[in-house]
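In these entries I record what I looked up in the structure, topic by topic.

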Amino acid sequence: MAQHAAKGARFQAVTANRLSDGEVVYWAADNRWVEGFADAEIADGADAADALLARAIPADFEAHVLEPYLFEVLEDGAFYKPASVRETIRAAGPTVRLDLGKQAGA
Amino acid sequence: MYRYDEFDHKLVADRVNQFRGQVERRVSGALTEDQFKPLRLMNGVYLQLHAYMLRVAIPYGTLCSAQMRMLAHIARKYDRGYGHFTTRQNIQYNWPALDKIPDLLDELAGVEMHAIQTSGNCIRNVTSDQYAGAIEGEVEDPRIISEIIRQWSTFHPEFTYLPRKFKIAVTGHVNDRAAIKLHDIGLVVKRNNDGDIGYEVHVGGGQGRTPFVAKKMTDFVPKAKLLAYLEAVMRVYNMLGRRDNSYKARIKILVHETGQEEMQRLIEAEFSKIDASQMLTVPQEEIDRISAYFAPPAFQTLAAKSDGFTQAQSQDADFARFVRANVVAHKQAGYAIVNISLKPIGGVPGDATDAQMDVIADLAEKYSLDEVRVTHEQNLVLPHVKLDELKTVYDALAAHDLATANLGLISDQIACPGLDYCNLANARSIPLAQEISERFADLDRQYDIGELKIKISGCINACGHHHVGHIGILGVDKKGTEFYQISLGGAADENAAIGQITGRAFTEEDIVDAIETVVTTYTDLRADGERFIDTYNRLGMAPFKERLYD
Amino acid sequence: MTDYHLVIDGATATESWHYLDDDAPLTDAPSIITLARLQAEADTLKSRSAPLGVILHADGLGKTDHGEDVRALAPYLDRLALVALHFPIYRNGRGYSAARVLRQEFGFTGELRATGDVLYDQWAMMNRCGINAFELAKDISLDTFKTALGELSGAYQPAADQNQGGKKGWRRSRL
């Protein structure tokens, strides 16, 4: 399974792609997949991250999503943001087509 | 061009139904993702960063207008209004939903197209020269044998679970426009002393982490025996290719580790058995049947010169520049080969909108004997345009931002989708291509610089062909930040060569300046008439390195 | 008891073979042994009259990257009633070439069986390569198997499935 979290990362979230259409999704605190990074549950610390990933992959997870994994997020004022360029692009859309992806509806 | 008969139609329809069943089994949970993945890949379906991606084959780069119109329709109906033409004569759609892909494939099958074997560890789409059947000096139209190979390799029962993917390219011309020496198998159409057609076979080229130029395995395989020879190469590879490490699984590594002579011996041993069985000897009537589809189209007898064409150039400087950069002589008097650059200044290399595809389809139907070609450098071609009608075609292209006069120039770059779309990428490629394009936007400056091929990959898999760019750029990731490494001196033509890395990588802020430094080093040091690659080959790396790092 | 049910030539069949570990003694029951044992005990095996089969591994059991060479079976084929081609993982396709070499180069007419990690979508291609026996998971019906075999109605190339109607040379054919 893909693993993109940096070692020693403090804050992490879980992401995947939805089976039916490949849409980027995040695991939210109310135990479901959501489309917006803003609604993702953020785990503080390695143990919390492991627990978060475990909740995001119940036995039947493959019926809904592909390849869930943890990734590092950083504090950004009162909010959080993905740490890597890759996850920033997944959360927003292609940087060369601002009219496409999640950023288009923002 | 080749047209499906009942047999071809039925098999492609079978395949769509099969994939529909596979998608249903995946969605129902009968297949795990691990089991489904090779099946979806074998039908061209990837998972990328934002969505699924579908890669549709354009066999040996030839399309008719109805097919191009269908590609536009699919972009509109199943995607977000555009498609991306790739370095292997495919088109990629970036946003299709998995559950709609079987319907999409149904529609594609209606115009004799498919996504079969555009991914996966099988024999991929056969690629060829975009000028096939139009350029002077061809030994034979390479699409004849390409179509025979396409059929033989489709659903091949023995070679669908190879150690790794397998790519075949064919050129029928001494000027290689298909990068055949960078393929697992590269074929050059030749005529022997008896006047018979056959093929020079190169094996083990490729890019990626460990680039190699292919080694010549034999000078001449007669046409009727080529499939037997290819099957022999494939069997040696399938039995002996490494499966313990995916980075060492391509045939280039087997050739490298086995040695050229031993590899020749192994292939000949298999070939002699398969040939003796006559099982794959191509019957003359089958060669004739397929050749007939590639007979020259109905060219008119025209004067070699067109007064209207000459006059239009003198009246319209932009048109004259377009002719100079993008138009190539045709073998038939009174016709020309027209290249359509998909590299507008500041644009995304290889992308075309549904509206642009429709315009090109219309132009092909009206003015190019119903044909469009796709090039490995991510451009399109109208192969058979009358000189008398070239200005009309140009005006229509210009009205849709399709007349950029930069073919083969510094802004005509190859770029992979990179980190903006691709799951494997380490860095973005497209924004860099856009910045370079804008830095060198002035066409007069581009003409002064002359032929210069920049090729950009966002990771070591080298989909952007950086190893064989005159200037190659490789994006690398250092702790989540993008850096770019430059290589110089690569070439993808008949003088294929792997470029050399200049030294340490540059930041996103510095890379375009560094490219400009390389270019001005060349313009300062070039001798009369020297292209960039000539100057590099004469002077080597030293002067470039000195200016880049001192 | 096996954890599979056997299909031979498209029909349900009773398992009469035993896969034998290298250290298990040979009995008079039909036995499938390893290539190493076949080579080591070739002389003593000559006097044995019970049916003999061999399993060929594609992953080399650590001995080589290339797996076991199907052509190493050549000296023994007249004594073998069965060859089992082991697929360590479905992605490893060496067995497809081994099957065609056995059928088409050596003219092997005995049972050619696929064992190991074999998926629904691979049966048809294996069948075309000359594999005629499959170990199906218990929950897969014979009808499912037959449906999978019939998904593609034609072939663009000859293989080991004798679809050419006796004609030589490359041609397309209905399956």
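**Entry 1: strands.** I began with a term: two strands pair if DSSP finds at least two bridges between them. The model I examined is a predicted one. I looked up strand 17 (residues 454-457) of chain B and found that it pairs with strand 18 (residues 471-478) of chain B in the parallel sense, over four bridges. In this pairing I noted B:Ile454 opposite B:Ile471. I then followed strand 18 of chain B to its antiparallel partner, strand 19 (residues 481-488) of chain B, and found eight bridges joining the two. Here B:Val476 stands opposite B:Phe483. I also recorded the hairpin that strands 18 and 19 of chain B form, with two residues between the strands; in this hairpin B:Lys479 has a positive phi near 55°.

Entry 2: I looked up A:Glu67 and read a positive phi near 45°. A:Glu67 is found in strand 5 (residues 65-76) of chain A. I next looked up B:Gln378, which is not a glycine either and has a positive phi of about 70°. B:Gln378 lies in the loop between strand 14 (371-374) and strand 15 (380-386) of chain B.

Is each of these two residues buried, partly exposed or exposed? A:Glu67 is partly exposed, because 15 other C-beta atoms lie within 10 Å, and a residue needs 20 or more to be buried. B:Gln378 has 26 C-beta neighbours inside 10 Å and therefore counts as buried.

**Entry 3: contacts between chains.** Which chains share the most contacts? Of the two pairs of chains in contact, I found that chains B and C share the most. Chain A and chain C do not touch, and their nearest C-alpha atoms are 18 Å apart.

**Entry 4: the largest nonpolar core.** I found 245 residues in this core; those touching the most other members include B:Val233 and C:Val83. Helix 6 (residues 226-240) of chain B supplies the largest share of the core, twelve residues. Leaving aside residues up to four places away in sequence, I recorded that B:Val233 touches B:Ile185, B:Val203 and B:Ile267.

Notes:
Residues are numbered from 1 along each chain as its sequence is written. Chains are lettered from A and ligands numbered from 1 in the order in which they are written. This is a predicted model: local features need pLDDT of at least 70, side-chain atom pairs count only at pLDDT 80 or more; totals for chains, interfaces and linings use all residues. Two residues are in contact if their C-beta atoms, placed from the backbone, lie within 7 Å. A nonpolar core is a set of buried Ala, Val, Leu, Ile, Met, Phe, Trp, Tyr and Cys residues joined through C-beta atoms within 7 Å. A residue is buried if 20 or more other C-beta atoms lie within 10 Å of its own, exposed if 12 or fewer, and partly exposed in between; C-beta atoms are placed from the backbone.
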